[in-house]
Amino acid sequence: MYQEEESFNLRFSLEANFPDEYEGEEDERAWLAHWEETVKPAIVKSIFCTLERYPDWVARFRNRGKAATDEIEIVLEKTYTDSSLN
């Protein structure tokens, strides 16, 4: 089977800003927990909901050894048959 590949990255850089009197770690990084537990899952769900509108593409997760807190890879696969190439 012949296979071609291309990649596209959508990167999020998270920042939390606090007032000058903040001593650090007081909130135990609640902002990061909120991202991991609420925001990120909603974004991933939204991506998959969008991809469902394109049934000729099959989406799946791929793990390349990185923690899901650091990276989520979504593979989109489009398969051609001999008859679809004509």
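Which helix and strands each supply at least two residues of the lining of the largest pocket? I shall answer that after a word on the model.

This is a predicted model, in which local features need pLDDT of at least 70 and side-chain atom pairs count only at pLDDT 80 or more, while totals for chains, interfaces and linings use all residues. Residues are numbered from 1 along each chain as its sequence is written, and side-chain values use heavy atoms, with hydrogens and water left out.

I begin with the overall fold. Helices (H or I, at least four residues) and strands (E, at least two) are DSSP runs, numbered from the N terminus. The radius of gyration is 19 Å, whereas a compact globule of 86 residues would have one near 12 Å; the radius is taken over C-alpha atoms, and the globule rule is 2.2 Å times the number of residues to the power 0.38. Along the principal axes, the C-alpha trace spans about 65 × 25 × 15 Å. Of the 86 residues, 7% count as buried, where buried means under 20% relative accessible area, exposed over 50%, and partly exposed in between (1.4 Å probe, protein chains only).

I return to the opening question. Helix 1, strand 1 and strand 2 (73-77) each supply at least two residues of that lining, and helix 1 gives the most, with eight residues. A pocket here is an open set of points on a 1 Å grid over the protein atoms alone, where a 1.4 Å probe fits, with protein on both sides within 12 Å along at least five of seven lines; lining residues have an atom within 4 Å of a point. The largest pocket holds about 1900 Å³ of space, the volume being the space filled by probe spheres set on the points, which are joined across faces, edges and corners. Its lining comprises 40 residues, and S7, F8, E73, I74 and V75 lie nearest the centre. By class, 19 are nonpolar, six polar and 15 charged. Ala, Val, Leu, Ile, Met, Phe, Trp, Tyr, Cys and Pro count as nonpolar, Asp, Glu, Lys and Arg as charged, and the others, Gly among them, as polar.

Next, the charged contacts. How many salt bridges are there? The count comes to five, a salt bridge being a side-chain nitrogen of Lys or Arg within 4 Å of a carboxyl oxygen of Asp or Glu. One of them joins K78 and D56 at 2.4 Å, N to O. K78 lies in the segment after strand 2 and D56 in the loop between helix 1 and strand 1, so this bridge ties together parts 22 residues apart in sequence. K78 is partly exposed at 28%, and D56 is partly exposed at 41%. R64 and E73 meet at 2.9 Å, N to O, with R64 exposed at 54%. Salt bridges that share partners join R62, R64 and E73 into one network.

Finally, the aromatic rings. There are three aromatic pairs; rings of Phe, Tyr and Trp (its six-membered ring) pair if their centres lie within 6.5 Å, with planes under 30 degrees apart counted as stacked, over 60 as edge-to-face and the rest as tilted. F12 and W35 form a tilted pair, 5.5 Å centre to centre with 50 degrees between the planes. This pair links F12, in the segment before helix 1 (30-51), to W35 in helix 1, 23 residues apart. F12 is partly exposed at 45%, whereas W35 is buried at 14%.
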